[in-house]
Amino acid sequence: MTTVYDFKVKNDQGEMVSLEKYKGKVLLIVNTATKCGFTPQYEGLEELYEKYKDRGFEILDFPSNQFGAQAPGDIEEINGFCELNFGTSFDRFDKIDVNGDNEDPLYTFLKSQKSGLAGPAIKWNFTKFLIDKNGNVVKRYGSAKKPKNIAKDIEEELNA
């Protein structure tokens, strides 16, 4: 069976890294954008990360420019924006496509495991996938779901 640990992704330094490095941790994988109405969710994501990182929780941030071209700039500019405006300290990866012909294989997998209300396609920025300690996709949340409203699910997975 495939898990998220079977995938390699490009980090924000342009290096390929295996998601196996997160084995045994609870993950929240999010496609993000810096110029979106949901961009303030970075603050809530950082709060979740600070609250749970010492218990084995990680956030994996995948910027995507596919929705309204709301993630302009290169990864260095995105990193600077997020650190300056929201103080983010969780792992960010290189920009990717989450839908279509050039979608990252990780997202093909995530979408195959949990569809949204309107099917498997990612509908907008800040769609979130909760991954258990074994690398399995356990929940999917739409863009409007605020990070603080995911805390209970994260705690359940950390305590499992």
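**Entry 1: terms and model**

I call a residue buried when its relative accessible area is under 20%, exposed when over 50%, and partly exposed in between (1.4 Å probe, protein chains only). Helices (H or I, at least four residues) and strands (E, at least two) are DSSP runs, numbered from the N terminus.

The model is predicted: local features need pLDDT of at least 70, side-chain atom pairs count only at pLDDT 80 or more, and totals for chains, interfaces and linings use all residues. Residues are numbered from 1 along each chain as its sequence is written, and side-chain values use heavy atoms, with hydrogens and water left out.

**Entry 2: helix H4**

I looked at helix H4, residues 151-159, and asked which of its residues are buried. They are Ala151, Asp153, Ile154, Glu157 and Leu158. Seen down the axis of H4, these buried residues fall within an arc of 160°, so they line one face of the helix. The arc is that of the directions from the helix axis to the C-beta atoms.

On the face of H4 turned away from the buried side I found the exposed residues Lys152 and Asn159. I then looked up what the buried residues of H4 pack against: E3, helix H1 (41-52), E4, E6 and strand E7 (137-141). Contact here means heavy atoms within 4.5 Å.

**Entry 3: nonpolar cores**

A nonpolar core is a set of buried Ala, Val, Leu, Ile, Met, Phe, Trp, Tyr and Cys residues joined through side-chain atoms within 4.5 Å. The largest one has 23 residues, and those with the most contacts inside it are Val4, Ile29, Phe62, Leu106, Tyr107 and Leu110. Strand E3 (26-32), strand E4 (57-63), helix H3 (105-113) and strand E6 (128-131) each supply at least two residues of this core. H3 gives the most to this core, with four residues.

Not counting residues up to four places away in sequence, Leu110 touches Val4, Ile29, Phe129, Ile131 and Val137. Apart from this core lies another, of 21 residues, including Val30, Leu48, Phe57 and Leu158.

**Entry 4: cysteines**

How many disulfides are there? I counted a disulfide as a pair of cysteine sulfur atoms within 2.5 Å, and the count comes to zero. The sulfur of Cys36 is 12 Å from the closest cysteine sulfur, in Cys82, which is too far for a bond. Cys36 is buried at a relative accessible area of 7%, and Cys82 is buried at 0%.

**Entry 5: salt bridges**

A salt bridge is a side-chain nitrogen of Lys or Arg within 4 Å of a carboxyl oxygen of Asp or Glu. My search of the whole structure found eight. I wrote down some of them.

Glu20 and Lys23 meet at 3.7 Å, N to O. Glu20 is partly exposed, at 44%, and Lys23 is exposed, at 52%.

Asp61 and Arg92 meet at 2.7 Å, N to O. Asp61 lies in strand E4 and Arg92 in strand E5 (residues 91-92), so the pair ties together parts that are 31 residues apart in sequence. Asp61 is buried, at 1%, and Arg92 is buried, at 5%.

Glu103 and Lys111 meet at 2.6 Å, N to O. Are these two buried or exposed? Glu103 is buried at 18% relative accessibility, and Lys111 is buried at 9%.
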